[in-house]
Amino acid sequence: MLVALNKPFGVLCQFTAEDGRPTLADFVPQKGVYAAGRLDQDSEGLLLLTDDGRLQHRLADPKHKQPKTYVVQVEGMPSQDALERLRRGVLLKDGPTLPAEVTAIDAPDWLWPRDPPVRFRKTVPDAWLRIVLREGRNRQVRRMTAAVGLPTLRLIREAVGGYRLDGLAPGEVRVIDSAKTLGL
């Protein structure tokens, strides 16, 4: 079984929390599924869960290089130099990143309001980027944008490989036909 969840902001990417914070258990009714990858508490968007260990490995293991697509709201206006640095890969404390596909975009028209809202500063512009990675380090997108002077304000994963949000509202779950997973 493969399950797609649009993970809301503030939800932990685990099924239990001793401190009462919201977790996957609050949204995913299917039993025996595990996340194929992670999204940090401050990130939103597509999270795939499965009960198939081989599929989970194939989706999450960096050696399979499944592209992960993010739409990212950043503080500041990206220069061509900043975009090129992201495209070439940037040097982080844990080493250089692989090159990324990066495009400046308009705010997505399918975007839902975030609760709580992203901070707004009249004197500091913001912009949106679409970033495609083929590796998955801890908080990588946030660290990459910060490294080029564009702190991330909002991060939404819209796709993993060929799987997309496709209108899934925050907190909604969709069971994906297992026949579609054979193409991975």
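A polar contact here is a pair of N or O atoms within 3.5 Å; within protein, one must be able to donate a hydrogen and the other to accept it, and residues adjacent in sequence count only if both atoms are side-chain atoms. With that in hand, take Gln140: a polar atom of its side chain lies 3.0 Å from the backbone nitrogen of Arg137. The side chain of Gln140 also makes a polar contact of 3.0 Å with the side chain of Glu135.

Some ground rules come next. The model is a predicted one, so local features need pLDDT of at least 70 and side-chain atom pairs count only at pLDDT 80 or more, while totals for chains, interfaces and linings use all residues. Residues are numbered from 1 along each chain as its sequence is written, and side-chain values use heavy atoms, with hydrogens and water left out.

On to the overall layout. The chain holds 3 helices and 11 strands, where helices (H or I, at least four residues) and strands (E, at least two) are DSSP runs numbered from the N terminus. Read from that end, the order is β-β-β-α-β-α-β-β-β-β-α-β-β-β. The C-alpha atoms fill a box of roughly 45 × 35 × 30 Å along the principal axes. For 184 residues, a compact globule would have a radius of gyration near 16 Å, and the chain agrees, with 16 Å; the radius is taken over C-alpha atoms, and the globule rule is 2.2 Å times the number of residues to the power 0.38.

Of the 184 residues, 45% count as buried, meaning under 20% relative accessible area, with exposed over 50% and partly exposed in between (1.4 Å probe, protein chains only).

An α-helix has 3.6 residues a turn, so residues three or four places apart point the same way. Gln140, in H3, counts as buried because its relative accessibility is 3%. Leaving aside residues up to four places away in sequence, Gln140 touches Thr97, Leu133 and Glu135.

Most residues other than glycine have a negative phi, and most peptide bonds are trans. Arg139, in the loop between E8 and H3, goes against this with a positive phi near 50°. Arg139 is partly exposed because its relative accessible area is 37%. Just after H3, Gly149 takes a positive phi of about 80°. Asp166 is not a glycine, yet has a positive phi of about 40°; this residue sits in the loop between strand E10 (163–164) and strand E11 (173–176). Asp166 counts as exposed because its relative accessibility is 56%. Finally, a cis peptide bond, with omega about 0°, joins Asp115 and Pro116, and Pro116 is found in the loop between strand E7 (101–105) and E8.

Conventions: Contact means heavy atoms within 4.5 Å.
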